[in-house]
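Here's a quick briefing on the salt bridges, the cores and a few individual residues of this model. Have a look at the structure first, then read on.

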Amino acid sequence: MAARSAKECEQTVRDRGFSEVSAWTDEANAHYEPHKHSGPSTIMIVAGQLTIKFPDDLDGRSVLMKPGDSIDIDAGRLHEVWIGESGCTTVNGS
């Protein structure tokens with residue numbers, strides 16, 4: 001999928017039914033420890049990249065995400081995030 005502007009990503013996330021939508025920028029190499037959200041969420045990459053890992057998956061799956069990519073995360077699903085070397089801007093929906 002081609003990269004989109006933050007505004008376009010925000011609208012896409014709203015169109016998918018998420019009522020709380022926000023753009024967020026992380027500094028290079030930031031890390032979010034394993035955590036869960038109480039409701040479903042989504043992440044769309046605007047710029048930069050991140051890697052998301054699902055520690056409870058049998059295969060320990062991780063996904064490298066780049067501009068234009070998005071991923072939906074089910075409520076209660078454990079996940080951990082590493083931000084790339086150039087930082088990352090995302091649009092998040094919950």
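Arg-77 forms a salt bridge with Asp-57, with the closest N and O atoms 2.7 Å apart (a salt bridge being a side-chain nitrogen of Lys or Arg within 4 Å of a carboxyl oxygen of Asp or Glu). That pair links distant parts of the chain: Arg-77 is in the loop between β5 and β6, Asp-57 in the loop between β3 and β4 (62-65), 20 residues apart. Helices (H or I, at least four residues) and strands (E, at least two) are DSSP runs, numbered from the N terminus.

This is a predicted model, where local features need pLDDT of at least 70, side-chain atom pairs count only at pLDDT 80 or more, and totals for chains, interfaces and linings use all residues. Residues are numbered from 1 along each chain as its sequence is written, and side-chain values use heavy atoms, with hydrogens and water left out.

**Salt bridges**

- The structure holds three salt bridges.
- Asp-57 also meets Arg-61 in a salt bridge (3.9 Å, N to O), and Asp-57, Arg-61 and Arg-77 are linked in a network.
- Arg-77 is partly exposed at a relative accessible area of 21%, Asp-57 is partly exposed at 23%, and Arg-61 is partly exposed at 33%. Here buried means under 20% relative accessible area, exposed over 50%, and partly exposed in between (1.4 Å probe, protein chains only).
- Asp-72 and Arg-16 form a salt bridge through their side chains (2.3 Å, N to O). Asp-72 lies in strand β5 and Arg-16 in the loop between α1 and β1 (21-26), so this pair ties together parts 56 residues apart in sequence.
- Asp-72 is partly exposed at 42%, and Arg-16 is partly exposed at 35%.

**A charge without a partner**

- Glu-10, in helix α1 (residues 6-15), is buried yet has no salt bridge.
- Which side chain of opposite charge is nearest to Glu-10? That is Arg-14, 4.2 Å away (Lys and Arg count as positive, Asp and Glu as negative; His and the chain ends are not counted).
- Leaving aside neighbours within four places in sequence, Glu-10 is in contact (heavy atoms within 4.5 Å) with Val-21, Ala-23 and Val-91.

**Strand β5 and the cores**

- Strand β5 (residues 70-73) has a covered face, Ile-71 and Ile-73, and an uncovered one, Ser-70 and Asp-72.
- In a regular strand the side chains alternate between the two faces of the sheet.
- β5 pairs with β3 (residues 41-53) in the antiparallel sense over four bridges; pairing takes at least two DSSP bridges between the strands. Ser-41 stands opposite Ile-73 of β5.
- The largest nonpolar core has 11 residues, including Ile-71, Ile-73, Met-65 and Cys-88. A nonpolar core is a set of buried Ala, Val, Leu, Ile, Met, Phe, Trp, Tyr and Cys residues joined through side-chain atoms within 4.5 Å.
- β3, β5 and β6 (79-93) each supply at least two residues of this core, and the largest share, four residues, comes from β3.
- A second, separate core of seven residues includes Cys-9, Val-13, Met-44 and Val-46.

**Tyr-32**

- Tyr-32 sits in strand β2 (residues 31-35) and counts as partly exposed at 31% relative accessibility.
- Tyr-32 and Val-81 are 49 residues apart in sequence and 5.0 Å apart in space, C-alpha to C-alpha.
- The side chain of Tyr-32 makes a polar contact with the side chain of Trp-24 (3.2 Å). A polar contact is a pair of N or O atoms within 3.5 Å; within protein, one must be able to donate a hydrogen and the other to accept it, and residues adjacent in sequence count only if both atoms are side-chain atoms.
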